[in-house]
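Subject: Structure handover

Hi,

Here is the structure I promised to pass on to you. Please open it next to this email and follow along.

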Amino acid sequence: MDSKRLILATALSALVLIGYDYLFPQHQPVPPPQPGVHAVAPPAPASSGAAAPAESAQAEAAAPIKDGPEARVAINAPAVQGTLNLRGARLDDLVLKHYRETVKPDSPDVRVLNSASTHADYVDFGWRAPSDVSVRLPDANTLWKASGNQMDAEHPLTLSWDNGQGLTFDIRLSVDQNYMFTISQQVHNSTGQAVVLYPFYRVNRGYTPEETGGMLVHEGPISVIDGRLNEGSYKTVRTGGVPPDNIAWSHQGTGGWAGITDKYWLMAVLPDQNANVIGTYGFQAAQGTYQVGFTATAPVQVAAGQTASTEAHVFAGAKEVRLLEQYEKDLHVPMFWKAVDFGWLSFLTRPVFFVLDWLNEHLGSFGLALLTFTVIVKVAFLPLTIKQMRMTWKTARLKPQVDLIRSRLKDDPMAMQQQIMALYRQENVNLFGGFLPLLIQAPVFWCLYKDLYVTIEMRHAPFVGWVKDLSAPDPTNLFNLFGLVPFDPTHITPFLALGAWPIMYGATLFLMQKVSSSSANMDPSQQKVMMFIPLLFTFFMARQPVGLVIYYCWSNILTAVQQVIIISRLKAADAKPQLVKPK
């Protein structure tokens with residue numbers, strides 16, 4: 001009986017792993033643009049200034065941006081480095097100093113902003129004017145003058161441009177110790193009459209990326225406005241645009257944030273959290289560019305002889321959980337932690353992550369944190385485990401009587417079932433009580449898998465020996481003799497992948513089955529069939545994160561030890577009939 005429950009537990013975990021996101025998809029459909037939203041949006045300008053998204057993109061295509069070393073300013077902060085494009089005042093060149101593409105020491109740094117036309121990722125911002133106002137505004141081809149030749153955490157940078165018509169535009173940019181830029185836009189009006197302008201901030205992606213997270217991690221447009229999370233897919237944004245601006249989704253609200261997220265990285269714009277804005281997802285088919293951002297709904301009034309300004313923030317970096325929550329607190333940004341896709345069970349996955357992260361801080365290794373967490377889980381569920389083992393032991397002891405009833409009443413199944421259930425009630429055996437620990441532990445398995453898969457803290461987290469990344473499958477392979485034969489069997493078929501840790505997992509599962517079957521008096525023919533189960537699950541676990549495999553190996557060993565101890569005590573109790581309460 002216990003072996004059956006063991007297999008059921010593993011099967012349940014596999015079912016949760018494979019089917020959760022298919023049964024409960026996390027991607028929310030992108031609704032069409034809200035009726036009436038565009039009525040309050042600032043009209044597209046009629047001049048050659050900062051155009052609406054579609055017009056701006058067409059202008060850029062008609063007049064390609066030409067930049068060079070003389071049109072860029074260096075960015076060199078503790079966590080990021082790159083350059084700022086003075087042509088258009090674009091953030092389009094940024095790499096992360098503390099993250100590499102792979103675990104190899106010579107691997108290049110991760111790039112989050114890119115000016116390459118075939119792989120463009122950039123952030124732009126500026127001003128829009130009402131359609132009935134003719135005013136020259138800075139656009140993608142404007143060449144700005146910089147106050148210095150480098151921007152770092154201690155030295156902000158100021159960009160300036162004069163439109164020649166009485167308006168002077170300044171942009172003050174600064175970056176903190178991590179991945180947050182502060183963008184302050186300022187307009188000085190010397191025209192002799194008031195000017196009305198609308199600030200905008202936008203994340204742009206000029207290609208459709210390969211989504212590496214599958215159904216487990218949201219990748220693509222994302223936003224939180226008025227405390228509501230919306231996740232859009234590339235496909236829906238690409239195909240759901242409504243002319244003339246090709247906006248696939250829009251929402252009017254106060255503050256919030258919006259951007260484009262990858263599995264571990266995020267580009268996002270954060271407007272003034274007290275400002276009324278419209279957040280939009282759009283796609284410009286001519287350029288193949290996805291655009292996510294905000295435009296203010298309330299205009300900035302710049303009186304004659306006066307100066308007006310507005311401020312926003314740009315995040316371009318790694319989705320570190322605690323850092324996102326710190327920004328949420330410091331900048332009063334709603335639900336910024338949701339950039340990390342903890343899923344619908346975030347009320348469980350987040351606490352599990354924080355426990356693992358705390359253990360990692362004190363033990364210095366996420367691998368040791370996983371092992372320690374396994375012990376904590378085993379101790380927490382020990383009372384339920386003992387109860388389950390007692391039920392299994394009682395069931396095994398009653399097997400001769402159950403077999404006798406079945407042989408005696410084999411021609412009357414209903415009477416046979418009634419007498420068996422009466423026997424179980426008489427002996428206080430609850431056949432379903434033993435499944436409770438399995439139902440409770442299945443979410444723990446899911447939380448571990450989700451955290452290993454989505455949190456950057458476990459990306460490239462090493463363990464002992466050959467394990468350099470707990471979030472990736474075991475890099476070794478039995479089918480090339482663990483690297484002795486110089487070829488990759490997975491090029492033939494992905495099923496030819498069987499690392500050392502999955503093999504150890506199969507061995508520990510086999511060990512646990514042996515202990516369980518011996519205690520449950522399982523039929524020999526049934527034992528032979530059950531011996532195939534470890535082999536099947538060994539191949540299944542071979543393609544899972546090695547951190548999860550390590551967790552299960554250690555869990556199987558602890559379970560086997562628990563079972564041996566509990567069974568020995570139950571046998572000792574049976575050897576002392578005088579201690580047994582008479583019926």
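Below is what was found in it, element by element.

Please keep in mind throughout that this is a predicted model.

The sheet

Let me start with an open sheet of 9 strands, paired in the antiparallel sense. Reading across, the order is β6-β8-β9-β10-β20-β16-β15-β12-β13. The edges are held by β6 (145-146) and β13 (228-231); each has a single partner strand, so one side of each lacks a neighbour in the sheet. Within the sheet, you can look at β15 (residues 257-261) and β16 (residues 265-270), an antiparallel pair joined over 4 bridges. If you want a landmark there, Gly-259 sits opposite Ala-268 in β16.

Helix α6 and what follows

Helix α6 covers residues 346-363, 18 residues in total. From its first C-alpha to its last it reaches 25 Å, close to the 26 Å expected at 1.5 Å a residue. Which of its residues are buried? They are Ser-346, Thr-349, Arg-350, Val-352, Phe-353, Leu-356, Asp-357, Leu-359 and Asn-360. Just after the helix comes Gly-364, with a positive phi of about 80 degrees.

Arg-322 counts as partly exposed, at 38% relative accessibility.

Other salt bridges

Over the whole structure, a search finds 10 salt bridges. Another one to look at joins Asp-124 and Arg-202, whose closest N and O atoms are 2.7 Å apart. Here too, distant parts of the chain are linked: Asp-124 lies in strand β5 (residues 121-128) and Arg-202 in strand β11 (residues 195-205), 78 residues apart. Are these two partners buried or exposed? Both Asp-124 and Arg-202 are buried.

Asp-109 and Arg-100 also form a salt bridge, with 3.8 Å between the closest N and O atoms. Asp-109 is partly exposed at 23% relative accessibility, and Arg-100 is partly exposed as well, with a relative accessible area of 37%.

A nonpolar surface patch

On the surface you will find a nonpolar patch formed by Leu-478, Phe-479, Phe-482, Ile-503, Phe-532, Leu-535 and Phe-539. Together these residues have about 620 Å² of accessible area. Which helix gives the most to the patch? That is α14 (residues 532-541), with 3 residues. Phe-482, in contrast, comes from the loop between α11 (436-454) and α12 (500-520). Phe-482 is partly exposed, with a relative accessible area of 42%.

One more loop

Finally, have a look at Ala-285, placed in the loop between β17 (276-284) and β18 (289-296). Ala-285 is exposed, with a relative accessible area of 60%. Along the sequence, Ala-285 and Gly-241 are 44 residues apart, while in space their C-alpha atoms are 9.6 Å apart.

Happy to go through any of this with you.

Best wishes

Notes: Residues are numbered from 1 along each chain as its sequence is written. This is a predicted model: local features need pLDDT of at least 70, side-chain atom pairs count only at pLDDT 80 or more; totals for chains, interfaces and linings use all residues. Side-chain values use heavy atoms; hydrogens and water are left out. Two strands pair if DSSP finds at least two bridges between them. Helices (H or I, at least four residues) and strands (E, at least two) are DSSP runs, numbered from the N terminus. The expected span of a helix is 1.5 Å times one less than its number of residues. Buried means under 20% relative accessible area, exposed over 50%, partly exposed in between (1.4 Å probe, protein chains only). Patches are made of residues with over 30% relative accessible area and no salt bridge: like charges are joined within 9 Å, nonpolar side chains (Val, Leu, Ile, Met, Phe, Trp, Tyr) within 5 Å. Accessible areas come from the Shrake-Rupley method with a 1.4 Å probe; for residues, only the protein chains shown count as cover. A salt bridge is a side-chain nitrogen of Lys or Arg within 4 Å of a carboxyl oxygen of Asp or Glu.
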